[in-house]
Amino acid sequence: MPVRDLALDPVTGDLAVRHGDFQLAGSTPDMDAVVARAADQAAVAQGAGCRVKLQLGEDWLDETLGVPWVDQILIKNPNPAVVTELLRVAIAATPDVLVVTSAALVISPDRSAQVAYQMLTAYSQSPEIGRIIS
């Protein structure tokens with residue numbers, strides 16, 4: 001059974017609201033099977049994004065969750081293998097993620113960063129490719 005969560009707007013990152021109602025990420029029992037699978041896959045991608053964006057120690061309920069952005073990634077000359085492994089582990093810890101085949105931090109010339117990843121979920125037939133904008 002998929003994990004239920006409130007849906008986030010992919011552009012703003014705010015809670016998704018439609019017709020004055022908050023939207024849920026993931027499927028509902030009244031959905032068509034194909035639509036439900038796509039909704040569940042989108043919910044897993046949202047969960048992976050939330051896990052990667054969480055700074056280590058930021059969650060007051062479990063301070064072991066998160067990525068050590070300040071201590072090990074956003075430093076002078078970070079080890080690329082360590083960065084890749086930290087991102088891969090964070091994405092792999094997301095419920096319903098089966099395998100993370102790749103993960104990388106991509107920094108553009110304008111100094112914006114994106115996490116590019118490829119993962120296989122319980123709802124996908126082939127690895128899903130995604131980007132998380134930080």
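A residue is called buried when its relative accessible area is under 20%, and by that criterion buried residues make up 30% of the 134 residues in the protein chain of this predicted model. The accessible surface of the protein chain comes to about 8700 Å², and carbon and sulfur atoms account for 59% of that surface.

Strands of a sheet pair through backbone hydrogen bonds, and the pairing may be either parallel or antiparallel. Here three strands form an open sheet in the order 5-6-7, and their pairing is antiparallel. Strand 5, covering residues 97-107, and strand 7, covering residues 128-133, are the edge strands, since each of them pairs on one side only. From one strand to the next, the twist averages 20°. Between strand 5 and strand 6, the latter made of residues 113-121, the antiparallel pairing runs over nine bridges, and L105 has V115 in strand 6 as its bridge partner. Helix 3, which spans residues 80-92, packs on this sheet and touches both strand 5 and strand 6, with a direction that makes about 140° with that of strand 5.

In general, side chains of opposite charge can pair when their charged atoms come close. A search of the whole structure finds one salt bridge, and the side chains of R88 and E85 meet in a salt bridge with a distance of 2.8 Å from N to O. Both residues lie in helix 3, where R88 and E85 are three residues apart, or about one turn of the helix. R88 counts as partly exposed because its relative accessibility is 30%, and E85 is likewise partly exposed, with a relative accessible area of 37%.

Is F22 buried or exposed? The cut-off for an exposed residue is a relative accessible area over 50%, and F22 has 56% relative accessibility, so F22 counts as exposed.

Terms used:
Residues numbered from 1 in each chain as written. Predicted model: local features only at pLDDT ≥ 70, side-chain atom pairs only at ≥ 80, totals over all residues. Heavy atoms only, no water. Buried < 20%, exposed > 50% of the residue type's maximum accessible area, 1.4 Å probe, protein only. Areas by Shrake-Rupley, 256 points an atom, 1.4 Å probe, with all protein chains shown as cover. Pairing = 2+ DSSP bridges. Helix = DSSP H or I, 4+ residues; strand = E, 2+ residues; numbered from the N terminus. Axes fitted to C-alpha atoms, helices over the stretch in contact; angles between N-to-C directions. Contact = heavy atoms within 4.5 Å. Salt bridge = Lys/Arg side-chain N within 4 Å of Asp/Glu carboxyl O.
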